[in-house]
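User: Please walk me through this model. I will ask about its metal ions, its ligand and some helix positions.

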Amino acid sequence: MSESTDAQTNPSLAAIGEALRNHQSFVLMSHVRPDGDAIGSQIALGFSLLAMGKSVRLINEDGLPENLTFLKGSDRIESPPAGPLDVEVAIALDTATKPRLGDKALHAASKAKLWINIDHHISNPKYGDLNLIDATSPATGEILYDLIQALGMPLPEETRDAIYVAVSTDTGSFQYPSTTARTYEMAADLVRRGLDVGTINSLTYDDHPYRRLELMRALLNTLERTPDGVVAHWELREKTRIDLALRPEDSEGLIDVIRAIRGVKLALFFEELPDGKVRVSMRSKERALDVCRIATRFGGGGHALAAGIRMPGPLEAAKAMVLAAARETVNAAKQPA
Ligand code: AMP
Ligand code: MN
Ligand code: MN
C-alpha cells in the first residue's frame, strides 16, 4: 500500500549526521496546531544540538500551546520572527507537507540552504534535500531517539523528557498498534536515564483546564453515529469556541472518546476554524479502513489510523462530503474481496 520505498530513498543516518556536524546554525520547525510529537521533537533535537554547541532556533507558526508549557525547554519555542533568519539549515519535524509548516515559519526559514525533513507520515512527499521518513515509527520522537543514539549525540534531560512526551502522546499513552517492543525499550531507557514517569504523565494527562470538560460537554451534545453504529462523529462550531474561550489545543485527544465506543470503527471530528475553513480529524480502528486515504482525497494526510484535513467550509458541506467518503470506505470494506 505504501507509495514509495522508504528504505531506498532515505539517506543513511550518517548523511544526516554529517549535515548536523558540518553546519553551525539551525532552525527547527514543526506543523501548525502543534501536538506533543511536533513540539516534543523540536525540543528533543534542539537541545541535543545545543549541547553540541550549535546555534539553534525553535519556531512554530502557532507558537507553544498552553498544554505543553510544562516541558523543560519549551520556553525556547518562538513564534516566527518577521524577517528571514540567518541560518544554514532548516529542519522540518513531524510535518507531512511543507505548507503545513505555515507561511510565516517558511518565510523565517527561507535563507536556509539545506532542508532536512524528518517525519513518520506515510503521505510525506519527501520535500527535503535530506529525508528521513519512517512510516512504521509511531512518532517522530522515536525516529529522533534512534538518530541521536546512532550518531552518539548528547541526550540532555530536556531531550529525554521531550522524546517521552512526543511518543506517549502520538501512541495514545503507548496503546496504539504502532507501539512496538522497541518503543517500550526506548521508554525504559529514558526512565533509566532519570525520567520521572509519574510526574511527566500527570503533567501530560491529568492537568486539563476546566474549559476542556465544558468543550467535551458541548461536543457530546452533537454526537451522532450511522445506523450501523460503525461511524461516529461530533462537531465544534465557532460560536462554542468563542463562548467557552477555547484554545486550539483544548480538543487534543478528545476524539479518542468516540473512537472508544464499542462497534465504532471510524471516528470523525469536524471543527469550524476562524478563517472559515474546516478542520477534520479522523481515527480508525482497522487498517482496512484507511483514514489517510480518505484525507488525501480532500488534500489532507496522515497515517492509516489517524489523519486530518483542512478544507474549505462551510461545515455542513465539508461534513457531507467527508461522511460520504467515510461511508463509502466502510461499505467497500464490507464487500467480499
Ligand atoms: P489530528 O487529527 O490533528 O491529531 O491529526 C492526525 C494525524 O494526521 C497527525 O499525524 C497529523 O499530523 C496528520 N494531519 C492532520 N491534519 C493534516 C493535514 N491537513 N494534512 C496532512 N496531515 C495532517
Ligand atoms: Mn503531529
Ligand atoms: Mn507525529
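Analyst: Helices (H or I, at least four residues) and strands (E, at least two) are DSSP runs, numbered from the N terminus. This is a predicted model, where local features need pLDDT of at least 70, side-chain atom pairs count only at pLDDT 80 or more, and totals for chains, interfaces and linings use all residues. Residues are numbered from 1 along each chain as its sequence is written, chains are lettered from A and ligands numbered from 1 in the order in which they are written, and side-chain values use heavy atoms, with hydrogens and water left out.

User: In which helix is the place of Ile-163?
Analyst: Ile-163 counts as buried, at 0% relative accessibility. Buried means under 20% relative accessible area, exposed over 50%, partly exposed in between (1.4 Å probe, protein chains only). Ile-163 touches Ala-44, Gly-141, Tyr-145, Ile-148, Met-186 and Leu-190, not counting residues up to four places away in sequence (contact means heavy atoms within 4.5 Å). Its place is in helix 6.

User: Which backbone oxygen does the side chain of Arg-160 reach?
Analyst: Arg-160 lies in helix 6, residues 157-170, and is buried with a relative accessible area of 9%. A polar contact is a pair of N or O atoms within 3.5 Å; within protein, one must be able to donate a hydrogen and the other to accept it, and residues adjacent in sequence count only if both atoms are side-chain atoms. At 2.9 Å, the side chain of Arg-160 reaches the backbone oxygen of Arg-193.

User: Which residue bridges the manganese ion (ligand 3) and the manganese ion (ligand 2)?
Analyst: Ligand 3 is coordinated by Asp-37 (OD), Asp-94 (OD), His-120 (NE2) and Asp-170 (OD), at 2.1 to 2.2 Å. Asp-37 lies in helix 3 and Asp-170 in helix 6, so this pair ties together parts 133 residues apart in sequence. Asp-37 and Asp-170 are both buried. The two manganese ions lie 3.7 Å apart, and the bridging residue is Asp-94.

User: How far is a polar side-chain atom of Ser-281 from an oxygen atom of ligand 1?
Analyst: Of the 15 residues around ligand 1 (a heavy atom within 4 Å), His-121, Arg-279, Ser-281, Arg-283 and His-303 come nearest. A polar side-chain atom of His-121 lies 2.7 Å from a ligand 1 oxygen. For Ser-281 the distance is 2.3 Å.

User: Which strand supplies the largest share of the shell around ligand 1?
Analyst: Strand 10 (277-284), strand 11 (301-302) and strand 12 (306-312) each supply at least two residues of that shell. The largest share is five residues, from strand 12.

Definitions and conventions
Donors are N, O and S atoms within 2.8 Å of the metal (3.2 Å for Na, K and Ca); water is not among the atoms, so sites may look incomplete.
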